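Try each task before you read its solution.

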Amino acid sequence: MAKQEQEVRIGFYVCHCGTNIAAMVDCPEVAQFVGTLPGVVLSKDYKYMCSDPGQELIQQDIREHRLNRVVVASCSPLLHEPTFRSATEKGGLNQFYFHMVNIREHDSWVHTDRAEATSKAKALAQAAVHRVAHHKPLETKRVSINPTTLVVGAGIAGIHAAMTIANSGKKVILVEREPTIGGHMAKFDKTFPTLDCAACILTPKMSDVGSHENIQVLSYSEVTKVDGFVGNYTVTVKRKPRYIDEEACIGCQDCIPACVFKQPKFADEFNEGLGKRRPVYIPFPQATPQIVAIDPNTCLNFKKGEDGGRVVSDKCKKTCVEACGDKNAIDFTQVERIEEYEVGSVIVATGFQTFDARRAPAYGYGRFPNVYTSLEIERLVNASGPTGGHVVMRDGKSEPRSVGIIHCVGSRDKKTNVWCSRVCCMYSMKLAHLLKEHTGAEIYNFYIDVRTPGKGYEEFYNKLLDEGVHFIRGRVGEVTDWAMTPDEEGKLVIRVEDTLAGYVRRIPVDMVVLATGLEPQQDAQDVRRMFNMSCGSEGFFLERHPKLAPVNTFNDGIYIAGACQGPKDIPDTVAQAGAAAAEVLALIDKGFVEQEPNTAFILEDECSGCKSCIPLCPYTAILFDEGKGRAYINEALCKGCGTCVGSCPSGSIVQNLFDDEEIFSEIEGVLAYE
Amino acid sequence: MSKPKVAFYWCASCGGCEETVVDLAEDILGVVEKVDICLWPVAMDFKYKDIEAMADKSIVATLLNGAIRTSEQEELAVLLRRKSQYLIAYGACAQLGGIPALANQFPREQILRFNYEECPALDNPGKVRPQVSLQDNGRNPHLPEFRNVVRTLDQVVDVDYYIPGCPPTPALTRAAFDALLSGNLPPKGSVIAPDVALCDECDRKATKPTNVAFTEFVRPHQKLADPELCFLAQGMVCMGPATRSGCGAACTSGNMPCTGCFGPTSRVRDQGAKILSSLCANIEAKDEAGINETLRGIPDPVGTFYRYGLAKSLLRRRVDLNMTGGGH
C-alpha cells in the first residue's frame, strides 16, 4: 500500500437540501468554520449537492484543487452515499476517500434550535474531517448471484411473485406454513369492488403454481434459519410432518370418509371453526397441493408423549390406511425434517393476521353467539363454505333479518391498533352487499369515516347507498343483549352515538359483524430477526424507503411484498409482489453485486489464536487454521458487522472503513468541538 | 573513555522490579562490566543533589519502576528525564499504573481517612495525618505531597521505551540491555516485548474450545485447576487473550491464570474493555438474569480486568478526581 505520508487535502461541502437543512442549520457558517480546520483546502455550501451541478462541483474541485479527500454534509448516507462516492470516483479519486455526514436526519429534521443545530452540524463535520484523513483506498468486490429465489408465504403476494419469477425461467422455492397455499384470499368469497369470485381468480393461479416446473412448493413448512448474504443465502426449512407421503398421495381423498370418525367432529380452521373436519382432512377442495394432512392432535392413532408432544399410539383401526390401499401414502412414522436450500434472494410475503375481536370486549365477540368476525362471514357467504353459502346463525337454522357491521374494530383505536387497516371499509361494504343479497336483511354499517381510495371504490360505495344499505356515522359504544323495549327482546342492541344525527341510538339487530383490522403476524418479530429486517413501530416490516424503495429492505437481497409490509388490498398486494419479483429479476440478471469493502480481516502475525471471535460471528465467517494456530475470516461471508473486531482481546482484527484510527479520530473530532 | 551511565529508580512500587534486576544473578556482572550504575537507591546510597549535579543527558538510560503518586516521585521523574538520554518505564506500575493505580477508584480523602483513622489495625488515637510541612522545635521537616491520582510515568514525562511485567522477566530485562548497549533500538515508544497475545505461547492453547460458552466464573481459590486445560474452559478468568506475551507463560505454566501484567498489545487502548467485550460476548446465557448470575463469579471487575492497567486505560480514574493537585 502506498505510504499515507502524502499531504491531506480535504474538500468539504455542506448541502442546503433546499430548506430541509438550511432552515435549521446555518450552512454558510458551517462551511466557514470547516474551512478553518487543518487539512481542509476548500469548504463550500451549495443548495443541492446531489444535483448534477453539485456532483460536477465535486469533480471539478478534485481536479482543480488537487483534493484527495471529500466530505459532504447532507442527508442520510442511505440516500446519497452512492451518489457522492461515484462523483468522487469520477473526479479521479478512490471512492472510499469520500465520507458523508448526516446533518438532515441526524440534525436539521430533529432539532428546533437553529444555533444548537448549527453547532451540532459543525461538530459532526469536524468529526468527519478528522476521520477522512485516515481513510484508505479500497476496492469493492463482486459476488455472483444464485439465480434461485426463496418466497416465504404463499398467499396471493407470494403466489404472484413466485409465478412472475418462475415464468421468466428462474427457479423459485415457495414456502408456506399451512398445508395449502392460498393464504387469506383463498378464504374470501368475493373481491371488492368488482365482486369477482375470489376462488375463481385465485385457484387457477394456485394450481399453476403447484404444477409449475420452476416452482418447488414446500407446504406445511417453515423457514427456521437464514445464513449468508445477498446472492448467496443458505436457508434452513423445517418440513412439518403431515403423516402423508407427498410423493405417494394422489389426492383421491378416499381416506377422508374412511376415517373412524364417521362424522366430521373437529373445528375446521379453514372455515374459521364454523365447520367441522375429521383428523384426516384437506383444507378445502381446491387446496394446493392436493394432498391430505393428518392432524396428530385429534387423530386416534396418536397419544400424548412424555414431552407433551404427540406420539404414535397405534391404537386406531387405521381404516384410512385400508382406504389408501396399495398407494401406501399414509405414514404415521413421519417426523419433522430439516432441509437446506441455497438461494440468491428472498421475498418475504408472510401476510397479516386479523385483529382478535376478543380484545374489544365491549362488542361481545365470544360472549354473544351471533357476533361474528368478518372472516367468519366470508366463509358463511361462501358457496364452498361450511353452510354452502346459506347464511344462518350459530343455531344452524335462523337467518338474520337485520345485521349491524361495525367498522374499525382494532383499527384507528388508541386502545388497540392506531393505524387504519385500509381494507375494512371496502370489505364491510362487500359483505353488506353479499349479506343483503343472500338474506334480504336490513344492513347497518357503523363507521368513523368511509375510506374508498381505490379504483372503482367510491362508485361501489354509491352503489351500496343505492341498494339501501344504512350507514351510521359513529364509533359503536357497545353491543348488548339487554333489552330496554319489547322490540329489542332477543336481539343484539348496538349502542352508538350517531354523530350526524347528533344523538345516541340503540339499534337492535340479529347479527353483528365486526370488521376486524389487519395486524402483523404473531411471529413477525422472529421473522424480522431471521431475515435481518427492520420493523416499524406497529410491527410491520419496514421498507428501505417509503417512496423510492417500497419493496426493498435494509438487508440486500431480501424483499417484502403484501400485507407483511402494512395493510393493503389485493390489487396493491399483487402490484407489490410484481415489484418485488422485478427487483429479484434485476438482481439475477445483473448476475453479481458489488459488496461494500467494509469487511474485517485478521492480522495473521498478530493473532494469538485465542478463538474468542469464532463463536461470535453471526455469519460463521471466521474459521480456525489448526496448522498455523490462527483464525482467519472468509471475506466472502463477512458482512462487516464488526462484532469480532470489538471482541478481539488483542486488537488483531481490523475492519475496513472502521479501523481504530478512523473511529478514534472521529470521536476526537466530535469531542474537540466546543 | 568512561563506561556509559545507567540509573535505576523506584517510585510507587513494591520492590519486585528491583528483584528482577537482582534476579539477573551473575548476568548483572556482564551489565556492570559495560555500564556504570550511577543511581540505584535500593542497593546503594545516593543523594538527590548528586543527580542534580549531573550534566543533562549524561545518563544513557534510566529504568524507572513504579507509578507516580507523590510530589517527590513526580520531581524525580522530571529530573531523571532531564538527565537521561533514554527514559524507560520499567514494569507494570511505571507503564500502566499497576496495582497502586487501583487506588484511582477512590478519592484521596477516603484513602487517607482509612489508612490514618479507620483501619482496624491502626494505633493512632490523635488521628494524625502526614503533613507536607511541620514546625518542630525550630526544625522544618518536609514530606512529599500525596497527589489526587496515581499516574503512569508517561502521563508525567516523555517516555522512550517500556519494559512490561509485574515484574519484568530477567530475560526481557537482559534483552533490553542488549538492545541499549548495541544501539539496535526499536522505534521510540515501543514496548520491548512481543506484540502477540499470551495464548500464542501458552501450552494450554490447543485445549481451548472454539465456543467456551461460560456458564459460571470461578476464582483460583475456589477450584483446583486442571493443570493442562485452558483456564477459560474451566470458567476461570484468564487475561491471556488480552495480554501481551513475552513472560514465557510463567503463570499458566505454574497453574495460575494470567492476570494481565504485561498489559495490552500495541493495537489495544483499553485492555480491560477488550477482555470484557470478549468474555461477556461468550457467556452462554443470553437473558439479563442469566448473564447477571454468571457474572456473580466476578465480584471485583475492576480488580480483575484492570488489575494493572487502570491508570493507563480509558477509564483511568474516578471522574471526580483531578489529574493533579494535592487537595490541601
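**Exercise 1: Neighbours of a strand**

Strand 22 (residues 371-373) of chain A pairs with strand 29 of chain A in the parallel sense, over three bridges. This is a predicted model, in which local features need pLDDT of at least 70, side-chain atom pairs count only at pLDDT 80 or more, and totals for chains, interfaces and linings use all residues. Residues are numbered from 1 along each chain as its sequence is written, while chains are lettered from A and ligands numbered from 1 in the order in which they are written.

Task: find which residue of strand 29 of chain A is the bridge partner of A:Val371, and how many bridges join strand 23 of chain A to strand 29 of chain A.

Solution: 
1. Strands (E, at least two residues) are DSSP runs, numbered from the N terminus, and two of them pair if DSSP finds at least two bridges between them.
2. A:Val371 has A:Val512 as its bridge partner.
3. Strand 23 (residues 402-409) of chain A runs parallel to strand 29 of chain A, joined by five bridges. Here A:Val403 has A:Met511 as its bridge partner.

**Exercise 2: Two faces**

Task: decide which residues of strand 29 of chain A point each way, and whether they are buried or exposed.

Solution: 
1. A residue is buried if 20 or more other C-beta atoms, placed from the backbone, lie within 10 Å of its own, exposed if 12 or fewer, and partly exposed in between.
2. In a regular strand, side chains alternate between the two faces of the sheet.
3. A:Met511, A:Val513 and A:Ala515 point one way, A:Val512, A:Leu514 and A:Thr516 the other, and all are buried.

Conventions. Helices (H or I, at least four residues) and strands (E, at least two) are DSSP runs, numbered from the N terminus.
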